[in-house]
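Here are some notes to read alongside the coordinates, written as numbered points.

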Amino acid sequence: KLQFLYFIESRVWGIRKEMRRTLAALLALGATSVSPAAAIKTGPNITKVKPLTDDPATICIDIFRKAMDSGETGIDKSLAEDVTIKVLDDVTVTPFWYRDGELRGTAEWLIPKGYDSNKKKKSKKRILFFHGGGYAWYSPSDFYRPLTTRLAAATDMPVLAIDYRLIPEYLFPGGLEDSIQALDYIWKNGPDGPEAADYVYLAGDSAGGGMVASVALATISRTLDGHKPLNVPDVRSADGAVMLSTYTDLACTLPSYRTRVWNEATRTGDPIFSNGNTQQDLISSRNAGWAYIGRNSGYTLRNEIASPYWARDEWLSKLPPMHLIVGDAELMLDDSVMFAEKVFQAGGPSFPVLVYPRMWHDHLFYTDGCVNKPNSLPEATDGFVEWGNFLKNLHP
């Protein structure tokens, strides 16, 4: 698969001038990619994937603009084959809670076929998954099984998907505390019951990607804001993470919130979250941040745990290896790209950020091309391959 380094003017990406000069020199010498060693010296390994398809993307974009339902229309319905779903009805992974009279808080394991043989090996690896939805919507069992079963299949690792408490019933840090409690659980328990893990990885999309970063930072800092302590026991940090279209800046200050506004004339920009008006997009995005932390909570949109982009360097430098996937068309593009750059500048790991041209928010949900045609959107299927390779190779 061909890849080439993607960089544009710093007013969009915020990449240092000296870094751009180094990368330009490499490309001028005929390089089609930058080696891991070069990436460590110059910054995060940000690559723009070679376009893999065209027509399926156009079909999806047209569907999104017509429905305007946050991308729910066209989402995958098929599940990955040979993955077993084990619902933990009688196990308390996180607190149970109610919404509209329905009991919530039930977690579930997604267990790949290969787990039966893999579990006999010395290494026991597990993935803890946090769903997205702006910290307000969804659960592991509604729209998410197509994604979580594919994640389990791609990695050959069991995935524990949790139903953490959501807003408006529970503001920050309710969902965060549940997620840390689930991290403690997965370190001690596997799909077959009590059994210590050798390695635990975090995964999440959108707000769930933000939760990945928040959990990692909270287990490092042991605080909610640098001062207020966490209301959960000490938990061992995760060993790595994968994130899709992650949400790291509740304040929505990063350039892509302005540069990826939908343009109806050119059919470019964010087809899911943008209405074509920059100011209205910003107001809507920031209101979502305030809804999560609460306007009267005493926290701000730049809280160092709830809004990971704003975390202090001391904490960012201690983050585990991560792998980020994002669409080039997203309003939240820079929540991935510039977050990775900031982690590197803080002395943290240099990790891959894959930017897929023309792709929208959470594009891995659409492997069937928005029309139930199996594996018709290569950019989506490719993302699962990338995640599988990354996590399998972290601790071989």
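Where does asparagine 375 lie? Asparagine 375 lies in the loop between strand E14 (352-356) and H13. Please keep in mind throughout that this is a predicted model.

1. **Asparagine 375.** Asparagine 375 is not a glycine, yet its phi is positive, at about 55°. Most residues other than glycine have a negative phi. The relative accessible area of asparagine 375 is 54%, so the residue counts as exposed.

2. **Cysteine 252.** A positive phi also turns up at cysteine 252, where the angle is near 55° in a residue other than glycine. You will find cysteine 252 in the loop between E12 and H9. Is cysteine 252 buried or exposed? With a relative accessible area of 2%, cysteine 252 is buried, whereas asparagine 375 is exposed.

3. **Two cis peptide bonds.** Most peptide bonds are trans. The bond that joins isoleucine 167 and proline 168 is cis, with omega about 5°. Phenylalanine 172 and proline 173 are also joined by a cis peptide bond, with an omega of about 15°. Proline 168 sits in the loop between E8 and helix H7 (174-188), and proline 173 is found in the loop between E8 and H7 as well.

4. **The largest pocket.** For anyone thinking about grids, the largest pocket has a volume of about 680 Å³. Its lining is made up of 31 residues, and those closest to the centre are Ser70, Gly134, Trp137, Ser206 and Phe273. Which helix gives the most to this lining? That is helix H10 (residues 278-293), which supplies five residues. By type, the lining divides into 18 nonpolar, eight polar and five charged residues.

5. **Arginine 267 and aspartate 62.** Side chains of opposite charge can pair when their charged atoms come close. The structure holds 14 salt bridges. One of them joins arginine 267 to aspartate 62, with 2.7 Å between the closest N and O atoms. This pair links distant parts of the chain, 205 residues apart: arginine 267 is in the loop between helix H9 (256-259) and H10, and aspartate 62 is in helix H4 (residues 55-67). Arginine 267 has a relative accessibility of 31%, so it counts as partly exposed. Aspartate 62, at 38%, counts as partly exposed too. Both residues also belong to a network of salt bridges that links Asp62, Glu264 and Arg267.

6. **Aspartate 156 and lysine 392.** The side chains of these two residues meet in a salt bridge, at 3.5 Å from N to O. The relative accessibility is 32% for aspartate 156, which counts as partly exposed. Lysine 392 counts as partly exposed at 33%.

7. **Aspartate 234 and arginine 222.** A further salt bridge brings together the side chains of aspartate 234 and arginine 222, at 2.8 Å from N to O. The two residues are twelve residues apart, and each is in the loop between helix H8 (207-221) and strand E12 (240-244). Why is aspartate 234 classed as exposed? Aspartate 234 is exposed because its relative accessible area is 62%, and the class needs over 50%.

8. **A nonpolar patch on the surface.** Phe96, Tyr98 and Leu103 form this patch, and together they have about 310 Å² of accessible area. Leucine 103 lies in strand E5 (residues 102-104). With a relative accessible area of 44%, leucine 103 is partly exposed.

9. **Alanine 80 and alanine 152.** These residues are 72 residues apart along the chain, and their C-alpha atoms are separated by 8.5 Å. Alanine 80 is found in the loop between H4 and strand E3 (83-87). Its relative accessible area is 16%, so alanine 80 counts as buried.

Definitions and conventions: Residues are numbered from 1 along each chain as its sequence is written. This is a predicted model: local features need pLDDT of at least 70, side-chain atom pairs count only at pLDDT 80 or more; totals for chains, interfaces and linings use all residues. Side-chain values use heavy atoms; hydrogens and water are left out. Patches are made of residues with over 30% relative accessible area and no salt bridge: like charges are joined within 9 Å, nonpolar side chains (Val, Leu, Ile, Met, Phe, Trp, Tyr) within 5 Å. Accessible areas come from the Shrake-Rupley method with a 1.4 Å probe; for residues, only the protein chains shown count as cover. A salt bridge is a side-chain nitrogen of Lys or Arg within 4 Å of a carboxyl oxygen of Asp or Glu. Helices (H or I, at least four residues) and strands (E, at least two) are DSSP runs, numbered from the N terminus. Buried means under 20% relative accessible area, exposed over 50%, partly exposed in between (1.4 Å probe, protein chains only). On a 1 Å grid over the protein atoms alone, a cavity is a set of points where a 1.4 Å probe fits but cannot get out, and a pocket is an open set with protein on both sides within 12 Å along at least five of seven lines; lining residues have an atom within 4 Å of a point. Grid points are joined across faces, edges and corners, and a volume is the space filled by probe spheres set on the points. Ala, Val, Leu, Ile, Met, Phe, Trp, Tyr, Cys and Pro count as nonpolar, Asp, Glu, Lys and Arg as charged, and the others, Gly among them, as polar.
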